[in-house]
Amino acid sequence: WQFLSGGDTSPLSAAVRENQLECVLRELGQLREEYRVMITMAFFDQLSTAQIAEQTGTTRHAAAMTLLRAVRALRERGGGVEAAN
C-alpha cells in the first residue's frame, strides 16, 4: 500500500522487511518462554518495564534485566536477519 500511495517503500525493501520479520518471529519462537513473554510485552504490546513488572509480579529492575537478556538472546540467535539487509 505504501508503494502504491507514493511512500518511500519499494517492493524490494518491503520484501526484505517481511523476510526479516519472519526470521525474527521464527527465532523468537525458539527462545525460552520467559524471554518470549518479555519481548512480546515490550515490543508488540508496547508496555513499559514498570507495566511488565506489574503483570509478571517482579520488580521493574528484574523486568528490565530479563528483557535485556531476552533481546541479547534473540540477537545471538538472529544472525540471519542482518544478512537479509
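**View 1. Contact of helix α2 with helix α4 in the predicted model.** In this predicted model, Glu-34, Tyr-35, Met-38, Ile-39, Ala-42 and Phe-43 of α2 meet a set of residues in α4 that is made up of Ala-63, Thr-66, Leu-67, Arg-69, Ala-70, Val-71, Ala-73 and Leu-74. Sorted by class, the residues of this contact comprise 11 nonpolar, 1 polar and 2 charged. The axis of α2, which spans residues 33-44, comes within 9 Å of the axis of α4, and the two cross at roughly 100°. Because angles of 65 to 115 degrees count as roughly perpendicular, α2 and α4 are described as roughly perpendicular to each other.

**View 2. Contact of helix α3 with helix α4.** Here Thr-49, Ala-50, Ile-52 and Ala-53 in α3 meet Arg-60, Ala-63, Ala-64 and Leu-67 in α4, and the residues of the contact divide into 6 nonpolar, 1 polar and 1 charged. The axes of α3 (residues 49-56) and α4 (residues 60-77) come within 8 Å and cross at roughly 105°, so that these two helices, too, are roughly perpendicular to each other.

**View 3. Salt bridge between Glu-27 and Arg-77.** The closest N and O atoms of Glu-27 and Arg-77 are 3.0 Å apart, and the pair links distant parts of the chain, since Glu-27 belongs to helix α1 (residues 11-28) while Arg-77 belongs to helix α4, 50 residues apart. A search of the whole structure finds 2 salt bridges.

**View 4. Arg-32 and the ring of Tyr-35.** Arg-32 lies over the face of Tyr-35, at 4.4 Å from the ring centre, whereas the structure holds 0 aromatic pairs.

Conventions: Residues numbered from 1 in each chain as written. Predicted model: local features only at pLDDT ≥ 70, side-chain atom pairs only at ≥ 80, totals over all residues. Heavy atoms only, no water. Phe/Tyr/Trp six-rings, centres within 6.5 Å; stacked < 30°, edge-to-face > 60°. Lys NZ or Arg CZ within 6 Å of the ring centre and 35° of its normal. Axes fitted to C-alpha atoms, helices over the stretch in contact; angles between N-to-C directions. Helix = DSSP H or I, 4+ residues; strand = E, 2+ residues; numbered from the N terminus. Parallel < 35°, antiparallel > 145°, perpendicular 65-115°, else oblique. Contact = heavy atoms within 4.5 Å. Nonpolar A, V, L, I, M, F, W, Y, C, P; charged D, E, K, R; others polar. Salt bridge = Lys/Arg side-chain N within 4 Å of Asp/Glu carboxyl O.
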